[in-house]
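Here's a quick briefing on a structure, written for someone who likes the cut-offs spelled out. Have a look at the model first, then read on.

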Amino acid sequence: HGANLGMKGFAPFIQKWRKTSQVHGKPFFAFTIVRDPLPFAISYFKMYHHDCPHDWCEHDQFKDATVDNFVRSIIPNRQCFLLSHRSAVEGMDSSFYSKCKVTEKGCDDLYIQTMKENLDWIGRTEELSSETIPLLSYILSGDSSGGKLKKPNNLKIAPSLAFEDALDEATTSKIISLSKYDQVIYDKVKEEYKLSNFFGN
């Protein structure tokens, strides 16, 4: 998305650009990506909470990559929060999360009224190389490779942190519980956004 707008604030720009593209006879395609909540939480910790020295890092920093620090870094339904309020993190303070907590209805409305109404595609990180990238490649090149989308090689995966192997069932269940609204959005995307909707079976 860019800048500091959430999806609701960004939607009018998408609508304006779509109308402009229609006036000029140019194609327009808007999309975003969501991720399974548990891998998202782990990745977010690596990127923004674990010994991160940049201005755009989260204010709450943890030098040691432990299970306890990972759990302490969790903000409930962070994907819905970022899609609702901010789409770029620039020194996010924990007080902002507390002040602007998301609700179940707010996350449902975000998905149904904002994301689905304004985006042409919502992909999943787990299927980035098998769905979204081939779809974008097809849109840009028009090459369907004899009816089959080209799939790139697997994308590079960041090294695992020590605590990832120490996540027990109780910790995992806690993360899932704290991400229940994110999970609803993810499950809806998984069900409703498939390549078969674009290209058939």
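Cysteine 52 and cysteine 57 are both buried, where buried means under 20% relative accessible area, exposed over 50%, and partly exposed in between (1.4 Å probe, protein chains only). Keep in mind that this is a predicted model: local features need pLDDT of at least 70, side-chain atom pairs count only at pLDDT 80 or more, and totals for chains, interfaces and linings use all residues. Residues are numbered from 1 along each chain as its sequence is written, and side-chain values use heavy atoms, with hydrogens and water left out.

**Disulfides**

- The count comes to two disulfides, a disulfide being a pair of cysteine sulfur atoms within 2.5 Å.
- Cysteine 52 is joined to cysteine 57, S to S 1.7 Å, and the torsion about their S-S bond is about -60 degrees, so this disulfide is left-handed.
- Cysteine 80 is joined to cysteine 107 at an S to S distance of 2.1 Å; with a torsion of about -110 degrees, this disulfide is left-handed.
- Cysteine 80 sits in helix 4 and cysteine 107 in helix 6, so the pair ties together parts 27 residues apart in sequence. (Helices are DSSP runs of H or I, at least four residues; strands are runs of E, at least two; both are numbered from the N terminus.)
- Cysteine 80 and cysteine 107 are buried.
- With the bonded cysteines numbered in sequence order, the pairing reads 1-2, 3-4.

**Cavities**

- There are two cavities of 30 Å³ or more. On a 1 Å grid over the protein atoms alone, a cavity is a set of points where a 1.4 Å probe fits but cannot get out, and lining residues have an atom within 4 Å of a point. Grid points are joined across faces, edges and corners, and a volume is the space filled by probe spheres set on the points.
- The largest cavity holds about 50 Å³, and its lining includes Pro37, Phe40, Ala41 and Asp182.
- Helix 2 gives the largest share of that lining, three residues.
- The second largest cavity holds about 40 Å³; among its lining residues are Cys80, Val34 and Asp182.
- Helix 4 (78–84) and helix 9 (180–192) each supply at least two residues of the lining of the second largest cavity.

**Strands**

- Strand 1 runs parallel to strand 2 (residues 121–124), with four bridges joining them; two strands pair if DSSP finds at least two bridges between them.
- Valine 34 has arginine 124 of strand 2 opposite.

**Salt bridges**

- The count is ten salt bridges, each a side-chain nitrogen of Lys or Arg within 4 Å of a carboxyl oxygen of Asp or Glu.
- Glutamate 164 meets lysine 46 at 3.0 Å, N to O. This pair links distant parts of the chain, 118 residues apart: glutamate 164 is in the loop between helix 7 (128–141) and helix 8 (169–178), and lysine 46 is in helix 2 (residues 37–49).
- Aspartate 109 pairs with lysine 105, the closest N and O atoms being 2.7 Å apart. They are four residues apart in helix 6 (residues 104–118), so about one helical turn separates them.
- Aspartate 109 is buried at 18% relative accessible area, whereas lysine 105 is exposed at 58%.

Methods:
On a 1 Å grid over the protein atoms alone, a cavity is a set of points where a 1.4 Å probe fits but cannot get out, and a pocket is an open set with protein on both sides within 12 Å along at least five of seven lines; lining residues have an atom within 4 Å of a point.
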